[in-house]
Amino acid sequence: MPARDSPGRPPGFARGTRRENPGIRAVARLSCLFVTEAPAFSVVADVAIVKGETPASDRTWLSFPDGTARRAVVHVSHDLPHLVVESAFDLDDGLWGTLAAGGYAPASRAASRRTGRIRLVTDTVPDEIAVRNWPAHVVAKAAVNAVLNRWGDGPDTPAGVRDRLARTGPDAAGLAARLDDEAIRVARAGVQRLYREWSALPVGGTLRVTWPLHDSWLRLL
C-alpha cells in the first residue's frame with residue numbers, strides 16, 4: 001500500500017529521498033581524512049544509510065575514492081554490528097569487506113525492485129567474490145555473535161567473548177587468541193553507539209560512517 005502523503009508534502013513525494021533530503025548526493029562526498037588515514041587492509045568506502053519507514057525501505061550507498069558509488073543491500077540491525085566488529089578486529093574479508101569489493105552485486109541490483117520482507121544479503125545466491133570470502137565471513141559472523149552474546153552464553157567480559165569465539169572453530173579460535181581486552185571493549189561499545197545513533201535518526205535521516213571505521217572513531221569509545 002502506498003505511503004500516505006504527509007501534510008505539506010507534494011502528492012507522491014517519497015519519504016527519505018533526495019527530494020526530501022537535498023543534502024543526500026547521488027555520489028556521496030568522500031572525506032579525505034578517512035580516505036588517507038584509514039587502515040590499509042581494506043578498500044575504503046564512505047557509507048551512507050538512509051532510514052526508511054520500514055527496514056525493507058532503508059537504502060545504503062558505498063562511495064569510493066575513485067569517485068564511483070554503488071548501492072548495497074544492508075540489513076541494519078544485523079549488519080551494523082558487522083561494521084564495528086570487523087573494523088575493530090581488522091577483519092578485512094567479512095561482510096563489509098565483501099560488499100566493498102563488489103560482492104553480492106546481484107542482491108544489490110535487485111534492491112530497487114524488491115518490496116515487502118527484507119532478506120539478508122547472505123541469503124541470496126553468492127557470487128564469485130562472496131564465495132571466495134565465505135570462510136572469512138563465517139569467522140566474522142562468529143565474532144559478531146560472540147561480542148553480542150545473542151544467546152546469553154557466558155559472561156559479557158573479554159574472556160567470555162574469547163571463549164565463545166574459540167568454541168566455534170579453529171579459525172575463530174585463532175582470532176580469539178589474537179584479541180586483546182581493549183579491542184573487545186571497543187567492539188562492544190561501538191555496536192552500542194551505532195545502534196543508538198540509528199535509533200535516534202528520523203525517517204529520511206542518514207547515518208554516515210566509513211568502511212572500515214577509522215581509528216579516530218573507535219578511539220572515542
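Predicted model: local features only at pLDDT ≥ 70, side-chain atom pairs only at ≥ 80, totals over all residues.
Helix H2 (residues 76-88) and helix H5 (residues 128-148) pack at about 100°, their axes 9 Å apart. The axes here are lines fitted to C-alpha atoms, for helices over the stretch in contact, and the angles run from 0 to 180 degrees between N-to-C directions. Because of that angle, H2 counts as roughly perpendicular to H5 (65 to 115 degrees; under 35 would be roughly parallel, over 145 roughly antiparallel, and the rest oblique).

So who touches whom? On the H2 side you'll find His78, Pro81, His82, Val85 and Glu86, and they meet His137, Ala140, Lys141, Ala143, Val144, Val147 and Leu148 of H5. Contact means heavy atoms within 4.5 Å. Sorted by class, that's 7 nonpolar, 3 polar and 2 charged residues. Nonpolar covers Ala, Val, Leu, Ile, Met, Phe, Trp, Tyr, Cys and Pro; charged is Asp, Glu, Lys and Arg; the others, Gly among them, are polar.

Arg162, Leu165 and Ala166 of H6 make the contact with Ala172, Ala173, Leu175 and Ala176 of H7. The tally is 6 nonpolar residues, 1 charged and no polar ones.

## The whole chain

Zooming out, the chain has 9 helices and 4 strands, in the order α-β-β-β-α-α-α-α-α-α-α-β-α. Both are DSSP runs numbered from the N terminus: helices are H or I with at least four residues, strands are E with at least two.

Of the 221 residues, 45% are buried, meaning under 20% relative accessible area (1.4 Å probe, protein chains only). The chain exposes about 11,400 Å², with carbon and sulfur atoms supplying 56% of that; the areas come from the Shrake-Rupley method with a 1.4 Å probe. Take the contacts between residues at least 6 apart in sequence, and 63% of them join residues at least 24 apart.

Residues are numbered from 1 along each chain as its sequence is written, and side-chain values use heavy atoms, leaving out hydrogens and water.

The pLDDT (the predictor's confidence in each residue, from 0 to 100) averages 79 over the chain, and 71% of the residues score at least 70. In residues 1-43 the pLDDT is below 50, and this stretch has 63 contacts in the model beyond near neighbours in sequence. Residues 110-116 are also below 50, with 6 such contacts.

Notes. Buried < 20%, exposed > 50% of the residue type's maximum accessible area, 1.4 Å probe, protein only.
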